[in-house]
Amino acid sequence: MSEPPEPVPGQPRARGRGRAAERAAGPRATRVGATPAERRRAARRPREPLFRLPEVDEVRRLRRAQAGERLRRQARRAMIGDGLAIGIDIGGTKVAAGVVDAGGRVVARARRDTPTRSPQAVEDLIADLVEELSAQAEVVSVGIGAAGFVDATRSTVLFSPHLAWRDEPLREAVELRVRERLGRRVGRRTLVENDANAAAWAEYRFGAGRGEPRLVCITLGTGIGGAVVQAGRLQRGRYGIAGEFGHMVLVPGGHRCECGNRGCWEQYASGNSLGRDGRELARGGSPFAHTLLAGAGGDPEAVRGQVVTQAARAGDPAAVEIVEDTGRWLGTGLANLAAALDPGTFVIGGGVSDAGDLLLGPAREEFRRTLTGRGYRPEARVVRAELGPDAGLVGAADLSRGWG
Ligand SMILES: [Zn+2]
């Protein structure tokens, strides 16, 4: 008889002290006929869980770590406050930097070409930019956004496809260089973040994703970057590298991807795929490729994604067709993501989103056509990002203040 007595329908439960004691003692102590002394002894006995999963210890450890991280973040935010922060966005060809205020406005800027593929040269350049910008304003922190896998401590780039970084302790390297030059540190904290995460955070805080509790942001550049923001936190995954949606396989056996697989999403819906389709058309000598060829100086091999986007915006039918195809592939991928993540809003940013509704129109159509349970479920909005090329640096700066 270890079950608590069932309440008799129509009769009130025991009231007052008796019920409170029952609750405190737990079900094992409520044996019918137990003396008060027995009840007191049972209440003192530690309660054993009914069952215990082997993973429980690991989950508890993670929860404790998360609670610790939450406290540290609150402390950092209190310490750093809402002052000006430096944001640096390292792209494959350009490095954009700025001083960003607490409202997401860029109050000072600097821009350079990405020097070489050498990690040290890029680190020197980052230190140059921190030196230059910190001379113009008193800053509280520095945030650096870079393409690639960033570890869970936000300090080391584990792998960067464009910059030849492999296990590069970027935060330490930049802080060291800055201290050597200025004889002091700049701000109270330096943070490294994946560039797509940084852009998503900026859109969530200051752009098209404001007020959306569950947001997926897709950045269409040379490849596809992705990030999820939920209830005010970036979802970084167990090891810090969640959101690599560009490498979901949509076409088994399709185009070869830089990652080694075939048929990845970014082979069909990115700047690279726009350029590839444009070049294919131009090489074939199609009369429809006239505008594309003109945009690339007459050289079919010089047709890039941007050339296709510009020609499409100018109304060139061949370029419009390529952008629409790309939009449909975008919509298919979004439907897959909606099945997995069920966000309220998809924000689409990056250079390819400059094509606007030429791209997003077919993307929305295909999204609706492919969505699981279509017609029987609320649909996520698909909107264009608002912050343009500033998103990466604004987001990196804001995250460095202890948010996200
Ligand atoms: Zn891939």
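The model is predicted: local features need pLDDT of at least 70 and side-chain atom pairs count only at pLDDT 80 or more, while totals for chains, interfaces and linings use all residues. Residues are numbered from 1 along each chain as its sequence is written.

H10 spans residues 317-341 and H11 residues 357-370, and their axes come within 7 Å, crossing at roughly 40°. Helices are DSSP runs of H or I with at least four residues, strands runs of E with at least two, numbered from the N terminus. Axes are lines fitted to C-alpha atoms, for helices over the stretch in contact, with angles from 0 to 180 degrees between N-to-C directions. Residues contributing to the contact include Val320, Leu330 and Ala335 of H10, together with Leu358, Pro362 and Phe367 of H11; contact means C-beta atoms, placed from the backbone, within 7 Å.

Turning to the sheet, five strands form an open arrangement in the order S3-S2-S1-S4-S8, with mixed pairing (strands pair if DSSP finds at least two bridges between them). S3 (106-113) and S8 (190-194) are the edge strands, each pairing on one side only. From one strand to the next, the twist averages 15°. Five bridges join S4 (residues 139-146) to S8 in the parallel sense, and Ala146 stands opposite Asn194 in S8. Helix H6 (residues 195-206) lies across S1 (84-90), S4 and S8, and runs at about 95° to S8.

Notes. Two residues are in contact if their C-beta atoms, placed from the backbone, lie within 7 Å.
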